[in-house]
Amino acid sequence: MTTAKIAILMSTYNGQKYLSEQIESIQKQSYSNWQLYIRDDGSTDNTINIIKRYTTRDHRIIFFNQNHIENQGVAKSFMTLLENIEADYYMFADQDDYWKKDKIANTLDTMKSSEKVNINKPICVHTNLTLVDSNLKGNLLMNEKKAWSTFKELLFANCVTGCTVMINSKLKSLVDFNKLRFVNIYLHDWWIALIAAGFGKVVYLDQATMLYRQHPGNLVGSDKPGTKWHNKTTKHPFSDRIMQTVRMAWDFWKVYNEKIQGSDRRYVKEYASLVNHQSPFWNMKVVCICPPRRQTLKGDLFFSYLIVKQFRMFQSLNKDGEQL
C-alpha cells in the first residue's frame, strides 16, 4: 500500500484564515506517499504567500499555477487539477477543513478492498465527516449513516462530499474533460459521483475522516439543520435543486449517451428531455415513467409536483436549441 501515489488536489480562494491549519493536517497524515497540488483561483488576500511558504518547506507541496493565477470557479478549478495531474489515486481537499491523521490511510484501505472485488472498475470512495465550527469544535456527523450509491439516487441528490473523496485512475479516465460544460455541472464531486455510479462503484466508508469547518466564508457545505453555519446549500429554493438535476442529466446524456445502459440510461434520457419540452403533460409523463428517487416519499412527491407545475422552468437551459 505504501507504493500507491496519492495526488491531493486543493483549490484555494482568499483562504488565508484557515489554510495553514489545513495544510499542516495533511502533513501530519500517517500515510506519507502523497503530493499536494494547490491551484489558487485568484486570491487577493495573503493566500498566495502562504502557499509559497509551504512549498519551500515541503517538496510534496506544489503550487500548480504559481505563474498563472486565474479565476475559474470552484468546479473548473478542481477539474483543471484533475486533468493535469497523474497519480494512482486522487483526493480533493478544501482550504478550510482539518484532516484526521488516518484519513488517507483509511480511505485507501477501503479503496483497495473495493478494487479487489470490482476489478478494473472506476471507483469513488467517500467518507463521513464531522461538522465543526470555525474553531474546530463540534461532534455532529454529516451523514448519520445515511448515504446512497445508485445512479438514480445520485441523479436527484448528491451525498458525496468532495473533500472526503478518493477516486482511482480508472474513474479519472472516464472524465471527458473536453466536453465539460461548467455552466451545467453544479459541482465536481457530484459529476464524478454520477460517473462512478453509472459505470462502476460508489463506496461509502461510514467513518468521519475529517473535521468539516462551517463558517460564513464557506462556498459549499452542510445544509443540516442545527449546524452553526448551514447556508452553503440551503440558500437556493427547492426548485433550484430540480434545475441542478436537469442540468446534470442534460450534460450527462450529451457526454455519455453511448455508454450509459439499462434503467440508468432511461432515467438520464427522460430528465434530460425536460429541456426540450415545455408541456405539463410531457413533464407528468417523465415523473410517472421515471419517478424521482430522493430519500423520502415527501421529497419524491414535492419534486414531482414542482416539475409538473413549473414546466417552463427548464426552457433557459437549452439556449442553443440542441436536441437529444
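**Figure 1. Strand β2, helix α2 (residues 47-57) and strand β3 make a right-handed β-α-β unit.** The view is taken from a predicted model, in which local features need pLDDT of at least 70, side-chain atom pairs count only at pLDDT 80 or more, and totals for chains, interfaces and linings use all residues. Residues are numbered from 1 along each chain as its sequence is written, and side-chain values use heavy atoms, with hydrogens and water left out. Helices (H or I, at least four residues) and strands (E, at least two) are DSSP runs, numbered from the N terminus. A crossover is termed right-handed if, with the strands pointing away from the viewer, the path from the first strand over the helix to the second runs clockwise. Strands β2 and β3 (residues 61-63) run parallel and are joined by three bridges; two strands pair if DSSP finds at least two bridges between them. Within β3, Phe63 is the bridge partner of Ile38.

**Figure 2. Strands β1 (residues 6-12) and β2 pair in the parallel sense.** Seven bridges connect β1 and β2, and Tyr37 in β2 is the bridge partner of Leu9. From β1 the chain passes through helix α1 (residues 19-27) to β2, in a β-α-β crossover that is right-handed. Strand β2 (residues 34-40) is mostly covered, with six of its seven residues buried; buried means under 20% relative accessible area, exposed over 50%, and partly exposed in between (1.4 Å probe, protein chains only).

**Figure 3. Helix α1 and the elements that cover its buried residues.** The buried residues of α1 are Leu19, Ser20, Gln22, Ile23, Ser25 and Ile26. Their cover includes β1, β2, α2 and β3, together with β4 (89-93) and β5 (98-99). Contact, as used for such cover, means heavy atoms within 4.5 Å.

Figure 4. Ile8 counts as buried because its relative accessibility is 0%. Apart from neighbours within four places in sequence, Ile8 is in contact with Ile26, Trp34, Gln35, Leu36, Tyr37, Met91, Ala93, Trp99 and Ile104. One of these residues, Ala93, lies 85 residues from Ile8 in sequence, and the two C-alpha atoms are 6.6 Å apart in space.

**Figure 5. Ser43 in the loop between β2 and α2.** With a relative accessibility of 9%, Ser43 counts as buried. Its side chain reaches the backbone nitrogen of Asn14 at 2.7 Å, and a polar contact of 2.6 Å links the side chains of Ser43 and Asp40. A polar contact is a pair of N or O atoms within 3.5 Å; within protein, one must be able to donate a hydrogen and the other to accept it, and residues adjacent in sequence count only if both atoms are side-chain atoms. Not counting residues up to four places away in sequence, Ser43 touches Thr12, Tyr13, Asn14 and Ile48.

**Figure 6. Asn14 and Gly15 in the loop between β1 and α1.** Asn14 is not a glycine, although its phi is positive at about 45 degrees. The relative accessible area of Asn14 is 31%, so this residue is partly exposed. Gly15, in contrast, is buried at 6%. Leaving aside neighbours within four places in sequence, Gly15 is in contact with Asp45, Thr47 and Gln95.

**Figure 7. Asn120 in the loop between α4 (103-117) and β6 (123-132).** Asn120 is also not a glycine and has a positive phi of about 60 degrees. At a relative accessible area of 59%, Asn120 is exposed.

**Figure 8. Thr161 in the loop between α5 (151-156) and β8 (166-168).** Thr161 is buried, its relative accessible area being 12%. Beyond residues up to four places away in sequence, Thr161 touches Leu129, Met142, Asp189 and Tyr212.

**Figure 9. Residues 221-236, over which pLDDT stays under 50.** The quantity pLDDT is the predictor's confidence in each residue, from 0 to 100. For residues 221-236 the model has 42 contacts beyond four places in sequence. Where pLDDT is low, the predicted coordinates should not be read in detail. For the chain, the mean pLDDT is 90, and 90% of residues reach 70 or more.
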